[in-house]
Amino acid sequence: MIDVQNVTKTFTLHNQGGTVIPVMQGASLSVAAGECVGLVGQSGAGKSTLMRMIWGNYLAASGSIMVAGVDVAKAAPREIIALRRSTMGYVSQFLRVVPRVPTIDVVAEPLDTPDAHEQAGALLTRLRIPERLWGLSPTTFSGGEQQRVNIARGFIAPRPVLLLDEPTASLDAANRETVIALIEEAKAAGSAIIGIFHDEGARDRVCDRVIDVTRFA
Amino acid sequence: MQPLLQVQNIRKTYGARIGCTDVSFDLYPGEVMGIVGESGSGKSTLLSCLAGHAQPDTGAVIFDGRDTVTMAEPERRMLARTDWAYVHQNPRDGLRMGVSAGGNVGERLMAVGARNYGTIRDTATDWLGRVEINADRIDDRPSQFSGGMQQRLQIARNLVTGPRLVFMDEPTGGLDVSVQARLLDLLRGLVRRMGLSAIIVTHDLAVVRLLADRLMVMKGGHVVEQGLTDQVLDDPQHAYTQLLVSSVLQV
């Protein structure tokens with residue numbers, strides 16, 4: 001489902017003396033449907049960079065990144081957008097939304113069905129976001145609440161490919177269990193998942209194998 | 001899928017000065033493209049050339065298979081009333097200030113052949129509602145509206161005929177931040193629901209991040225970089241884009 005081959009990434013800082021920072025070379029990995037792979041390595045090793053390249057947010061300098069038959073490294077913007085709308089989901093560490101849009105709408109948005117709001121409500125309940133907050137914009141929420149809104153938005157629509165950046169960070173034990181259950185359900189439904197977990201307990205429970213990205217440095 | 005708009009090698013000069021040059025891109029149905037750059041970068045000149053408000057020196061703007069640069073004026077005007085819409089930065093440029101709000105929306109409908117008063121008024125009322133203007137303001141003139149309301153009225157006037165391509169020049173330009181957010185949310189919803197294609201010129205990177213699927217960065221009349229919006233903003237490749245992105249003040 002995901003097949004990364006020989007990906008290279010450098011950052012060139014044109015306004016800081018043209019400094020070139022090589023961050024990755026020869027990165028290769030593949031993830032099958034129903035499999036969860038954890039990316040490990042210390043801070044700055046390139047875990048998030050690799051994940052962002054798969055999402056199409058960072059441009060790969062060379063190599064190929066096949067996701068469900070589309071080479072994200074070379075695809076046109078509209079192909080990547082189509083991939084993100086129907087195939088690939090991403091739970092980032094930060095929630096980015098239009099101000100004043102109610103939480104329930106933020107969560108329901110990826111789902112294009114008549115019962116989207118009901119499903120969004122059910123998922124928010126599962127993640128313990130009280131109903132009185134659903135009509136408010138998540139921009140005013142606490143960090144942990146925003147994280148859970150982000151997770152709800154990421155998991156509401158079934159996605160064959162899921163990218164998870166620290167999904168259990170800053171969550172209490174009960175919510176952490178819920179997120180682990182959501183990941184296990186997505187795996188059982190056949191999603192190919194790549195995750196970054198500093199939470200080793202969670203990583204050991206959901207990941208079938210881990211890849212140390214420091215070997216791509 | 002066929003592109004809705006094909007822009008080929010557009011160049012516009014003012015004497016020896018370059019307005020914009022070497023601009024080419026394809027826009028597909030449902031796609032929203034942002035154009036950013038500093039004042040004088042050529043983004044507004046480009047928009048004028050695309051929308052038929054200015055004549056480019058060279059190049060073609062092909063809409064639905066027809067070159068709008070070489071087509072006859074009446075044909076281009078028909079396009080501007082039907083398949084195209086243009087949202088000006090200053091609502092006064094896009095509204096008729098002496099005509100009621102309902103009249104402003106109705107006028108565009110009549111321009112495409114609507115004749116039944118009741119239907120026109122009902123459609124106008126419906127559109128005022130969609131842009132969050134209370135129905136009891138339908139007979140008020142835009143001059144009695146706030147800036148944000150005027151801008152929403154201009155959007156209603158433009159979208160009522162169901163255009164396929166909307167040009168927007170700094171649509172949130174002169175508005176308070178609180179009003180901007182509301183307008184952005186509204187625009188985003190309308191664009192998504194109606195499946196519109198849009199070209200939005202702005203200098204506000206936050207606006208393009210929320211509205212545009214793809215982004216074009218201009219400097220000195222040239223396109224220096226283009227791509228997926230979040231990719232261009234988060235991993236800019238060109239020196240100028242890097243400068244632009246790193247210059248935004250954090251709130």
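Guide: To start us off, Gly89(A) has Leu162(A), in β7(A), as its bridge partner. This is a predicted model, where local features need pLDDT of at least 70, side-chain atom pairs count only at pLDDT 80 or more, and totals for chains, interfaces and linings use all residues. Residues are numbered from 1 along each chain as written, chains are lettered from A and ligands numbered from 1 in written order, and side-chain values use heavy atoms, without hydrogens and water.

Visitor: In what sense do β6(A) and β7(A) pair, and over how many bridges?

Guide: Strands here are DSSP runs of E, at least two residues, numbered from the N terminus. Pairing takes at least two DSSP bridges between two strands. For β6(A) and β7(A) (residues 161-165), the sense is parallel and the count is 4 bridges.

Visitor: Which helix touches β6 and β7 of chain A, and at what angle to β6(A)?

Guide: Helices are DSSP runs of H or I, at least four residues, and contact means heavy atoms within 4.5 Å. Axes are lines fitted to C-alpha atoms, for helices over the stretch in contact, with angles from 0 to 180 degrees between N-to-C directions. The helix packing there is α5 (residues 143-155) of chain A, and its direction makes an angle with that of β6(A) of about 175 degrees.

Visitor: What is the order of the strands in the open sheet of chain A?

Guide: The sheet has 5 strands, and the pairing is parallel. Its edge strands, each pairing on one side only, are β6 (88-91) and β9 (209-212) of chain A. The order reads β6-β7-β8-β3-β9.
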